[in-house]
Amino acid sequence: MKYFVMLLALITVIVWAPGWADVKSFAAPKSEYRKTTSPGVPATVVFRKIAEPREGAFTMLIPRDWIVNGGIFRVNPNQAGGTLNAIEAKIDIAIGSDPRGTVMMRRLPKVNYADGPMIPFTHGPGSNYNGAMVVRMPTVNDYLMWAFKQMRPQATGVSVVYKEDLPKLVQTVRRLSEPLNRTIAQLGMRPPEYYAGLVIIEYNEGGTRFKELIYTLLVDGRASMGVWSNDLTTAMRAPAAEADRWKPVIDIMANSVQMNPQWIAGELKGQGERTEIVRKLMNDIARIDREIAAHRDKTRSEIMTDNYLTLTDQNDYKNPYTGKVERDTSNWKQRWVNSSGEYIYSNNTGYDPNADPQNTRHDYKLTRALR
């Protein structure tokens with residue numbers, strides 16, 4: 001079982017690398033998140049690039065004055081009573097507009113739960129099996145509502161205003177996981193099944209009416225290894241009356257995540273250095289990365305065309321520093337970039353970031369829309 005969970009951990013890291021930016025698009029609902037009235041996007045938003053604060057696992061863009069809490073953490077198997085949640089690094093990170101998180105995006109940790117025919121009958125729900133709590137696998141919607149209650153225990157007036165399955169997210173994860181799942185099958189074990197969905201919830205908290213979108217991918221490995229897990233679980237919230245105003249800002253944050261290749265290599269090595277199975281898989285990592293790189297643009301195009309371009313206005317822009325074409329929001333009239341890949345968006349046509357005394361950088365250049 002340990003080896004099988006390790007394989008899933010490797011899948012998680014590999015999918016995570018191209019996945020956070022791409023699957024975010026699936027979290028955009030078809031209608032409900034665009035119905036609120038708002039005064040429009042903030043006039044000017046200055047983004048700074050930050051590294052994941054604990055291990056430098058990735059970089060991302062966040063608004064200049066926003067606050068980062070959390071990051072990578074690891075479970076001690078001795079304290080957890082077993083290894084099922086101690087194999088891979090976990091992430092719990094929140095980026096908010098203020099200490100309260102009035103506007104925020106949060107990535108929740110992946111957790112392995114024990115369930116299925118491999119679990120001894122002596123281990124009922126709530127017990128610990130090798131470091132994983134025994135929990136019957138829920139539906140996606142039930143899991144999302146449980147996650148919401150864990151995050152927002154003080155919420156009142158809770159109303160689910162929208163929910164949706166995310167089959168294209170499942171297809172993307174299956175495609176990116178296919179090489180490792182083939183290896184799992186060759187070992188005589190059944191590859192996991194995937195289920196994904198989102199909910200949008202309105203609720204009251206601290207005198208504010210909020211709208212929060214939560215999506216997740218459930219990984220079902222009960223048949224072969226007696227575990228299931230949540231993955232890619234992400235929450236985004238804003239005051240309900242300002243959801244449209246802040247959604248483009250959160251989109252930019254989610255799309256900006258770039259994994260650190262050195263961290264990924266170290267994480268994979270740490271997970272697999274003592275097992276022949278994972279050493280074999282390590283030989284496939286370079287090939288998988290090449291496949292991901294080759295198909296990334298195609299995958300992004302499919303995702304954006306099918307799910308995203310119909311929901312938010314976008315343009316293609318040419319980066320004057322890299323020469324690359326970047327697809328991004330068109331909610332602002334001007335889009336600036338510096339040599340470090342930090343961006344500023346503004347609807348103030350007279351704004352010059354290089355003359356802004358609050359900016360420490362003065363090498364911003366306009367990126368021109370290609371259409």
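Me: How much accessible surface does the protein chain have, and what share belongs to carbon and sulfur atoms?

Reply: About 16,300 Å², with 51% of that belonging to carbon and sulfur atoms. Keep in mind that this is a predicted model.

Me: And how much of the protein chain is buried?

Reply: Of its 371 residues, 53% are buried. To count as buried, a residue needs under 20% relative accessible area.

Me: What is the chain built from, in terms of helices and strands?

Reply: You'll find eight helices and 19 strands in it. As for contacts with a separation of 6 or more, 66% are between residues 24 or more positions apart.

Me: How do you know that the span of helix 6 agrees with what its 13 residues should give?

Reply: At 1.5 Å a residue, those 13 residues should span 18 Å. The end C-alpha atoms of helix 6 are 18 Å apart, so the two values agree.

Me: Why is helix 6 called largely enclosed?

Reply: Because 10 of its 13 residues are buried. Among them are Trp-246, Pro-248, Val-249, Ile-250 and Met-253, and Lys-247 and Asp-251 are buried too.

Me: Where is Ser-256, and why is it called buried?

Reply: Ser-256 sits in the loop between helix 6 and strand 13. Its relative accessibility is 13%, and the cut-off is under 20%, so it counts as buried. Leaving aside residues up to four places away in sequence, Ser-256 touches Thr-59, Met-60 and Leu-61.

Me: What makes both faces of strand 16 count as covered?

Reply: Look at each side of strand 16 (residues 334-337) in turn. Gln-334 and Trp-336 are buried on one side, and Arg-335 and Val-337 are buried on the other.

Me: Which strands does strand 16 pair with, and how many bridges are there?

Reply: Four bridges join strand 16 to strand 17, and two bridges join strand 16 to strand 18. The cut-off is at least two, so both count as pairs. Strand 16 runs antiparallel to strand 17, and its pairing with strand 18 is antiparallel as well. Arg-335 has Tyr-345 in strand 17 as its bridge partner, while Trp-336 has Leu-366 in strand 18. Five residues lie between the strands in the hairpin of strand 16 and strand 17, where Gly-341 takes a positive phi near 80°.

Me: Why is Thr-329 called buried?

Reply: Thr-329 is in strand 15 (residues 325-329). With 9% relative accessibility against a cut-off of under 20%, Thr-329 counts as buried.

Me: What makes the link between the side chains of Thr-329 and Asn-331 a polar contact?

Reply: The limit is within 3.5 Å, and this polar contact comes in at 2.4 Å.

Key. Residues are numbered from 1 along each chain as its sequence is written. This is a predicted model: local features need pLDDT of at least 70, side-chain atom pairs count only at pLDDT 80 or more; totals for chains, interfaces and linings use all residues. Side-chain values use heavy atoms; hydrogens and water are left out. The expected span of a helix is 1.5 Å times one less than its number of residues. Buried means under 20% relative accessible area, exposed over 50%, partly exposed in between (1.4 Å probe, protein chains only). Contact means heavy atoms within 4.5 Å. Accessible areas come from the Shrake-Rupley method with a 1.4 Å probe; for residues, only the protein chains shown count as cover. A polar contact is a pair of N or O atoms within 3.5 Å; within protein, one must be able to donate a hydrogen and the other to accept it, and residues adjacent in sequence count only if both atoms are side-chain atoms.
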